[in-house]
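Have a look first, then read on.

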Amino acid sequence: MEKKITVIKGDGIGPEIVTEAQKVLDKVAEKFGHKFVYTDILMGGCSIDKYGVPLTDEAVEVAKNSDAVLLGSIGGNTSTSPWYKLAPNLRPEAGLLKIRKELGLFANLRPANLYPELREACPLKDEIIGDGFDMMIMRELTGGLYFGARKTENVDGVETAVDTLTYNENEIRRIAIRGFDIAMKRRKKVTSVDKANVLDSSRLWRKVVNEVAKDYPEVELEHMLVDNCAMQLVRDPKQFDVILTENMFGDILSDEAAMISGSLGMLASASLNDTKFGMYEPSHGSAPDIAGQDKANPIATILSASMLLRFSFDMDKEADAVDNAVKKVLEAGYRTGDIMSEGMKLVGCKEMGSLVADMI
């Protein structure tokens with residue numbers, strides 16, 4: 001089978017980690033008789049440097065004409081990079097918001113589980129970890145505060161900023177349906193996270209989620225306020241199966257879940273539209289402080305490539321092979337610096353990618 005993959009290596013460690021993910025995908029293609037055709041486009045700071053904008057319309061068209069997108073990371077040091085002296089709509093992250101909107105990527109899936117081999121990297125106590133945890137965070141990705149109207153103006157001599165949080169029932173319903181569908185394939189529990197005691201948008205969110213839940217009688221639904229959810233993630237993460245939430249809450253909670261999973265370097269993600277098309281990326285940032293030093297952990301990007309195989313290409317056996325290869329490498333004691341512990345074998349980004357590829 002031949003598939004077209006748009007590749008966005010991006011900034012910082014992006015080119016390093018994506019190269020290793022492609023190494024793994026190439027091994028999958030070789031073993032299972034597929035052909036993956038890659039087309040590179042620029043997004044983020046590298047696009048600003050070349051074109052003056054974080055994402056060109058031409059790059060978006062390339063992505064639209066592919067079967068899936070593999071993304072590394074974008075952006076730089078917000079304190080020192082000249083990219084962050086530009087207007088907000090010209091900064092690297094504006095490219096990410098644009099491509100999500102242009103491709104209709106409304107559903108963000110972020111699995112967070114604790115590998116037994118990485119228990120020592122988890123900051124939680126053993127009695128909290130127990131037998132480990134395995135959750136999926138479903139984050140609405142194209143609505144809410146990040147996409148609402150915004151302005152900064154002088155009001156009666158006082159500089160004032162306004163950001164608008166807007167959701168309509170259709171936006172909420174489509175992500176809720178995705179969340180319940182995923183729960184049906186897992187442990188059949190959905191925790192819908194909102195701030196319904198304060199926000200009108202959250203009260204609408206809760207109303208629509210309750211309506212969707214009626215079509216899934218086998219799925220247990222609970223509602224949880226976002227501040228309580230943040231506490232529960234570190235008090236008892238085992239209680240969660242699918243966490244369903246809006247854009248900003250999901251942004252924050254998924255990073256918290258990544259931390260208790262041992263490292264952001266382990267957390268993959270998928271952003272899907274209403275077809276099988278998706279964009280796949282690690283949940284961590286561009287880590288400019290270690291870029292080019294062969295220190296980055298490519299596993300999150302490799303696991304994102306596994307999600308690409310599973311969700312966009314329906315290649316479940318191939319995705320299983322990648323997931324199992326990662327597990328075998330960890331069982332063998334190989335670690336990058338971010339997940340290193342006493343007695344393990346320290347390797348760099350390139351070697352970690354090669355080790356996973358060799359295990360397929």
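## Ground rules

This is a predicted model, so local features need pLDDT of at least 70, side-chain atom pairs count only at pLDDT 80 or more, and totals for chains, interfaces and linings use all residues. Residues are numbered from 1 along each chain as its sequence is written, and side-chain values use heavy atoms, with hydrogens and water left out.

## Around Asn108

Asn108 sits in strand S4, residues 107-113 (strands are DSSP runs of E, at least two residues, numbered from the N terminus). Its relative accessible area is 2%, and under 20% with a 1.4 Å probe, protein chains only, is what buried means.

The Asn108 side chain has a polar atom 3.2 Å from the backbone oxygen of Ala270. With the side chain of Ser271, Asn108 makes a polar contact of 3.1 Å (a pair of N or O atoms within 3.5 Å, one able to donate a hydrogen and the other to accept it; residues adjacent in sequence count only if both atoms are side-chain atoms).

## Nonpolar cores

A nonpolar core is a set of buried Ala, Val, Leu, Ile, Met, Phe, Trp, Tyr and Cys residues joined through side-chain atoms within 4.5 Å. The largest has 67 residues, with Phe36, Leu109, Met138 and Leu309 having the most contacts inside it. Another core, of 22 residues, lies apart from that one and includes Cys122 and Phe133.

## Cysteines

There are zero disulfides, counting cysteine sulfur pairs within 2.5 Å. For Cys46, the closest cysteine sulfur is in Cys349, 17 Å away, so that's too far for a bond.

Technical notes
Helix = DSSP H or I, 4+ residues; strand = E, 2+ residues; numbered from the N terminus. Buried < 20%, exposed > 50% of the residue type's maximum accessible area, 1.4 Å probe, protein only.
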